[in-house]
Amino acid sequence: MSKLQELEIKNKYTGELLGTIPADTPETVRDKIKKIHKNQHLLKEMDFFERSQLLSNFATKLRFKKPELKDLVVAEGGLPIKYSEWELNIVMNGFKFCDWYYQFLEEKPLTSIEGEQLVRIRYIPHGLAACISPRNTPLSLPLYQLGANYLVGNGAIVKPSTACPLTMLKAYSMMEEMDLPALEALDLVIAPGEWTITASHTAKDILARYGRFLKKTVDRSMGVPMYTQPFKNFFFECAGNDAGIVMDDVNLENVAKWNVIASFTNSGQQCFSMKRIIVHKDIYDEYLECLIKEIENLKYGDPTDPDVDIGPLGSRRILMMMEVMVEDAKKFDAKIFTGGEKIDTGEDYGLFYTPTLVEIKPELCGKANDIKDALKLANASNYGMRAVVYSSNLKNIEIFKNELEAANIYINARPMLVDITVSLGGIKDSAYPAGCKYYPQELVYGKYIYDGTPINIDKIK
Amino acid sequence: MTSKIVNQKAYKTEIAKKYTTFLAKYPEIFSDLISGSDFDFALYNSLESYDKRSPVDIFHVCRNGNGIKIKPGSGVDSDLELALSIDAIEKLIQTETKVEYAELLGSFYNDPDEKNGWIDFILHKRTQTLINMGYGKFAQTAGILKDDD
């Protein structure tokens, strides 16, 4: 028997102990997986719409517990309370209207050249899913993973981040309280941090090690060897290095406001934060001025303060990464226009890095002569999650749509967060498999069914 | 837009009568819905009664070519049910403008409170169908669905 461990979950701003929870052991994880496997059939006893109605009811329960959940998200995740609303709404809206995803799963008839409709494509759930969610979203991603699997009919075991598992545990206990049917086919794993592997998070690196590394990553993260054979299917979303392009034909003050939201929401700790800003040369200085003004308006500090935009960082490791990146940029004669300072309590809480704008060799990185140049700079990245464009030239907009190398393109849009149509996914090193994706779509496989009975029944009788 | 309350005497509760009278003042609230849309307003005196789907009163609003008709009972093939607590309705009918009404309705959805008031809705048709009928826009105008700002 493995030794039992307890995890201490602390407030990311004050360091206050929020709770001590027992971690799973390889034995308990194995038992949970067995239980899920045994009970998966319960999900299939309901149809898609029954399951979606149940998730919709659960969304209502979540809404009534919003104040409590927000407090937990702020405390254990360090998200400013201002953005905790988003963290909850994205999943509550997703669950409330989850039957919207049926369009991706609906059985489709195909018409042959002869006009017959004998073929149908039916979508079948893959089976038990193991999901690992990141630290920056204490609730939305782990709950989305659990809910999406429930919706399509897969049993699922989800590992929320070890740094902030309390909100997800609370959500799961609410599912228990409402006696969510077939909950026996869903469970959570609370795994100690040392089980997770720290390594390169690019799709390329993970793929290169697939069969060996990926399986081990999941095994170690979950705590047990989950399968003796490689997975039937796997997919993941990794990091982004999103470009935002600002052309010379837009309202700079308005764009700078949206830019700041896109870059610094959740203290910038988002896979799809706008990290690289590419500006047309004719408005470069003027736009920088607008942007610096907006960044310097951001308030950082106590995340429970409704005016605060930037909460504490999730860990000392992130603070160190910030320092290393900025110091590295300085080696290349980077200009730090604003920010670039750390606030270090010397503890593992209350850590901040001031909102920072860095300029590195503008002609090579951020200053574009024309659309061709803007595209070249934006596409010069190993990542391809999102890209954002601000321009009023309709011809250029079409070129951007075609040429930008990212799976999700936003043109003249405010940063969209909670709309149900928002897709995940990426290309290049941002995700595998490549492309924009809706999670439920990835959890099923297509089955081709040719039923010739209507035309052949007399022949074979 | 026009509004008509049909057979108001048929309501079981005074609060339903008051609420229908109030809604009839603002038919333009329903202007985003396509003609033929029809949805229920179900009034609940507690969360428990909502869990049991046991409203104290119910009426439905039908959108027609020129405006709305408010009728007692639930619609034969209603598109959705808007569930409201009595506490919420008592506050909603005190509002003096359409904007004030929408803000309060939205707050009852986004920040529901068992004591102060809440609303919810149960979809009877697929989300995509309801979006096509104008309910998404209606929910936004009514303050229920917030935009990202």
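Start by colouring chain A by domain: domain 1 covers 6–235 + 438–447 and domain 2 covers 242–418, with bounds taken from an automatic or database domain assignment. Their C-alpha centres sit 30 Å apart. Next, select the contact between them, which takes 21 residues from domain 1 of chain A and 21 residues from domain 2 of chain A; "in contact" here means C-beta atoms, placed from the backbone, within 7 Å.

On the domain 1 side, show helix α4 (residues 81–96) of chain A, which gives the largest share, seven residues. Helices (H or I, at least four residues) and strands (E, at least two) are DSSP runs numbered from the N terminus. Colour that side by class and you get nine nonpolar, eight polar and four charged residues. Nonpolar means Ala, Val, Leu, Ile, Met, Phe, Trp, Tyr, Cys and Pro, charged means Asp, Glu, Lys and Arg, and the others, Gly among them, are polar.

A word on the model: it's predicted, with local features needing pLDDT of at least 70 and side-chain atom pairs counting only at pLDDT 80 or more, while totals for chains, interfaces and linings use all residues. Residues are numbered from 1 along each chain as its sequence is written, and chains are lettered from A and ligands numbered from 1 in the order in which they are written.

Now hop to where the chains meet: nine residues from chain B and 15 residues from chain A. On chain B, β6 (119–123) and α5 (127–132) each give two or more residues.

Last stop: B:D40, in strand β2 (residues 38–44) of chain B. Beyond its neighbours within four places in sequence, its contacts include B:I58, B:H60 and B:L82.

How values were computed: Contact = placed C-beta atoms within 7 Å.
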